[in-house]
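This report walks through a protein model, from the overall fold to single residues. Please keep the sequence and the structure in view while reading.

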Amino acid sequence: RFLLAAVVHVTGAEGARAQTAHAIIAGADRIRNPAEPFRTTSVLTEYVQGKPKDRTVLTVYSKEDKATGQFRNLVRYVEPPRDAGKMALLDGQNLWFYDPAAKSSVRISTQQRLVGQASIGDVLTINFAVDYTGTLLGDETIIDAEHQSRNCWHLDLRAATPTAVYSRAEYWIEHGSFWPIKTKFYSDSGRVLKVLYYRGFSQRLGGVRPGGAVIIDAVDATLVTTVQFENPTFQDIPDFWYQRDYLPRLRPE
């Protein structure tokens, strides 16, 4: 009887631990993303050894799919001028890139490079709790992007759906606030690709949310890309915007 009770106790503890990890990740998702449809302007700047090299400006229209819990994303290129009007559409498992000059759309990978260390997947609105299974590794005090000490949960994330941008990530989420502080992304082969720090937390879109991020190359720390989230606004976005066939007619501005 004692042995059976011990087994039940251990199994129950492991179940609670897994549920706790999921709840922590979901809590950070609610900090990063509101449940209502919204748009934001993402300004990406690539730095090499501290000097700006390249810049891309995107408008991202995000709407949560209530059936899956994941977001639909429409990305419209604003700058540089040569790319203005191009779009990327994520709906379910498919990511499409549309070029108005060619008047055609092609499938692309979420890991396709956008600018510097940022891939297209890094600017999409995504709920990690949907795409990943988390394991709570423990507590850790780390330094954030603004050189402040943060007491965090340290989690290991493994891809659970085909839509996951990365196969694995490590995630640090602050105790109590559920603020996402740091993410380390891995390749399919297990190599660290880059480290992302969220920063600039402020009141926006109905809650305290990050105002941007810093992405650092895992091999060469002098290669840095910043992402600034500007002009966040709630917007009623029609479902037909997220249809591939509608992209040639779409005029979102």
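The protein contains three helices and 17 strands, where helices (H or I, at least four residues) and strands (E, at least two) are DSSP runs numbered from the N terminus. The model is predicted, and for that reason local features need pLDDT of at least 70 and side-chain atom pairs count only at pLDDT 80 or more, whereas totals for chains, interfaces and linings use all residues. Residues are numbered from 1 along each chain as its sequence is written, and side-chain values use heavy atoms, with hydrogens and water left out.

## Overall dimensions and surface

A compact globule of 253 residues would have a radius of gyration near 18 Å, and the 19 Å of this protein agrees with that; the radius is taken over C-alpha atoms, and the globule rule is 2.2 Å times the number of residues to the power 0.38. Along the principal axes, the C-alpha atoms fill a box of roughly 70 × 45 × 40 Å.

Of the 253 residues, 49% count as buried, a term that means under 20% relative accessible area, while exposed means over 50% and partly exposed lies in between (1.4 Å probe, protein chains only). The accessible surface comes to about 12700 Å², and carbon and sulfur atoms hold 52% of that area; the areas come from the Shrake-Rupley method with a 1.4 Å probe, and for residues only the protein chains shown count as cover.

Among the contacts with a separation of 6 or more, 48% join residues 24 or more positions apart, contact meaning heavy atoms within 4.5 Å. There are 30 positive and 28 negative side chains, and the centres of the two sets lie 3 Å apart. In this count Lys and Arg are positive and Asp and Glu negative, with His and the chain ends not counted, and the place of a charge is taken as NZ of Lys, CZ of Arg, CG of Asp or CD of Glu.

## The nonpolar cores

A nonpolar core is a set of buried Ala, Val, Leu, Ile, Met, Phe, Trp, Tyr and Cys residues joined through side-chain atoms within 4.5 Å. The largest one has 49 residues, of which Leu44, Phe128, Leu155, Leu157 and Tyr171 touch the most other members. Helix H1 (residues 2-32) gives the largest share of this core, six residues. Leu155 is in contact with a set of residues that includes Ala21, Ile24 and Ile25, and also Leu137, Ala169, Tyr171 and Ile173, when residues up to four places away in sequence are not counted. A second, separate core consists of 11 residues, including Trp96, Trp241, Tyr242 and Leu247.

Ser42, in strand S1 (residues 38-48), counts as buried because its relative accessibility is 1%. Leaving aside neighbours within four places in sequence, Ser42 is in contact with Thr56, Val57, Leu58 and Val60, and also with Val227, Gln228 and Phe229.

Ile181, in strand S12 (residues 180-186), is buried as well, with a relative accessible area of 1%. Apart from residues up to four places away in sequence, Ile181 touches several residues, among them Ile142, Cys152, Trp172, Leu196 and Tyr198. The C-alpha atoms of Ile181 and Lys103, which are 78 residues apart along the chain, are separated by 40 Å.

## Loop residues

| Residue | Relative accessible area | Class |
|---|---|---|
| Gln49 | 63% | exposed |
| His147 | 68% | exposed |
| Pro162 | 66% | exposed |
| Ala35 | 40% | partly exposed |

Gln49 lies in the loop between S1 and strand S2 (51-64), and its phi is near 50°, a positive value in a residue other than glycine. His147 is found in the loop between strand S9 (132-143) and S10, and its phi, near 65°, is a positive value in a residue other than glycine.

Pro162 belongs to the loop between strand S10 (149-159) and strand S11 (168-174). Although Pro162 and Asp131 are 31 residues apart in sequence, their C-alpha atoms are 7.9 Å apart in space. Another proline, Pro80, is placed in the loop between strand S3 (71-79) and strand S4 (87-91), and the peptide bond from Glu79 to Pro80 is cis, with omega near 0°.

Ala35 is located in the loop between H1 and S1. Not counting residues up to four places away in sequence, Ala35 touches Glu64 and Lys66, and the C-alpha atoms of Ala35 and Ser62, 27 residues apart along the chain, are separated by 9.7 Å.
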